[in-house]
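This report describes one protein chain for a reader who has not seen it before. Please look over the sequence and the model before reading on.

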Amino acid sequence: MPDAYISLKQLLFRIQNEIRVRFPASYWIKAEVSGIRRTGSHIYFDLIELEKNEKVAQISGRAFQGDGTQAIANFERVTGQRFVNGLKVGLRVTVSYHPIYGLSLVLKELDVELTLGGIEL
C-alpha cells in the first residue's frame with residue numbers, strides 16, 4: 001500500500017502548473033479546423049492534421065470572447081471566407097490546461113495572408 005495519496009485535483013493542478021511553466025509563449029501552427037461549436041460568446045473547435053487522409057494529430061481549440069472571436073471576425077471580413085469545418089489555417093495559439101476541461105489551444109490570431117495564399121498542411 002502507498003504511504004501517501006494525493007487528490008486528483010492536486011495532481012491536475014501540478015500538471016496545469018507544469019504546462020504553464022513549460023509552454024509560456026504563443027506558437028504559430030498550421031492546422032485544419034473541424035467540429036466547430038458556438039456556445040454563448042465563445043467558439044470551440046478541433047484542430048487536426050492529416051497525412052495521406054489519415055488523422056495524425058488532434059487537439060481542442062478555443063476562441064474566447066476578445067482576442068479569439070475578434071481574430072475570427074477579422075479573418076472572415078478580410079478573406080470573405082467563413083471560419084468553417086475543413087478550413088486550413090495558420091494560427092497563433094497558447095497552450096492551456098484546465099483540470100476539468102483538459103488540454104487545449106487558445107486562439108490568439110489567424111494568419112489571413114497565409115490562408116489567402118492557400119496553404120498546404
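The text below goes from the whole chain to the barrel, the helices, the salt bridges and a surface patch.

**Basis**

This is a predicted model, in which local features need pLDDT of at least 70 and side-chain atom pairs count only at pLDDT 80 or more, while totals for chains, interfaces and linings use all residues. Residues are numbered from 1 along each chain as its sequence is written, and side-chain values use heavy atoms, with hydrogens and water left out.

**The whole chain**

The protein chain has three helices and five strands. Helices (H or I, at least four residues) and strands (E, at least two) are DSSP runs, numbered from the N terminus. Read from the N terminus, their order is α-β-β-β-α-β-β-α. Along the principal axes, the C-alpha atoms fill a box of roughly 60 × 35 × 25 Å.

Of the 121 residues, 31% count as buried. Buried means under 20% relative accessible area, exposed means over 50%, and partly exposed lies in between (1.4 Å probe, protein chains only). The accessible surface of the chain is about 8,000 Å², and 51% of this area belongs to carbon and sulfur atoms. Such areas come from the Shrake-Rupley method with a 1.4 Å probe; for residues, only the protein chains shown count as cover.

Among contacts with a separation of 6 or more, 56% are between residues 24 or more positions apart. A contact means heavy atoms within 4.5 Å.

**The barrel**

Five strands form a closed barrel in the order β1-β2-β3-β5-β4, with mixed pairing. From one strand to the next the twist averages 55°. Angles run from 0 to 180 degrees between N-to-C directions, with axes fitted as lines to C-alpha atoms, for helices over the stretch in contact. Two strands pair if DSSP finds at least two bridges between them.

Strand β1 (residues 26-39) runs antiparallel to strand β4 (residues 88-98), and seven bridges join them. Within this pairing, Ala 31 is opposite Val 89 in β4. β1 also pairs with β2 in the antiparallel sense, over six bridges, and Arg 37 stands opposite Tyr 44 in β2. These two strands make a hairpin with two residues between them, where Gly 40 in the turn has a positive phi of about 60°.

β2 and β3 are antiparallel as well, paired over nine bridges. Asp 46 faces Ser 60 in β3 across this pairing. The hairpin of β2 and β3 has two residues between the strands, and Lys 52 takes a positive phi near 50° there.

**Helices on the sheet**

Helix α2 (residues 67-79) lies across β1, β2 (42-51), β3 (54-63), β4 and β5, and runs at about 45° to β5.

**Salt bridges**

How many salt bridges does a search of the whole structure find? The search finds five. A salt bridge is a side-chain nitrogen of Lys or Arg within 4 Å of a carboxyl oxygen of Asp or Glu. Side chains of opposite charge can pair when their charged atoms come close. The table lists some of these pairs.

| Pair | N to O distance |
|---|---|
| Arg 22 and Glu 18 | 3.0 Å |
| Lys 88 and Glu 32 | 3.8 Å |
| Arg 92 and Glu 109 | 3.0 Å |

Arg 22 and Glu 18 both belong to helix α1 and are four residues apart, about one turn of the helix. Arg 22 is exposed because its relative accessible area is 60%, whereas Glu 18, with 38%, is partly exposed.

The side chains of Lys 88 and Glu 32 meet in a salt bridge. This pair links distant parts of the chain, with Lys 88 in strand β4 and Glu 32 in strand β1, 56 residues apart. Lys 88 has a relative accessible area of 35% and is therefore partly exposed. Glu 32 is at 13%, so this residue counts as buried.

Arg 92 also forms a salt bridge, with Glu 109. Here too distant parts of the chain are linked: Arg 92 is in strand β4 and Glu 109 in strand β5, 17 residues apart. Arg 92 is partly exposed at 23% relative accessibility, and Glu 109 is partly exposed at 33%.

**A nonpolar patch**

Ile 6, Leu 11 and Ile 15 form a nonpolar surface patch, with about 220 Å² of accessible area together. Patches are made of residues with over 30% relative accessible area and no salt bridge, joining like charges within 9 Å and nonpolar side chains (Val, Leu, Ile, Met, Phe, Trp, Tyr) within 5 Å. Ile 15 lies in helix α1 (residues 8-22). Its relative accessibility is 32%, so Ile 15 counts as partly exposed.
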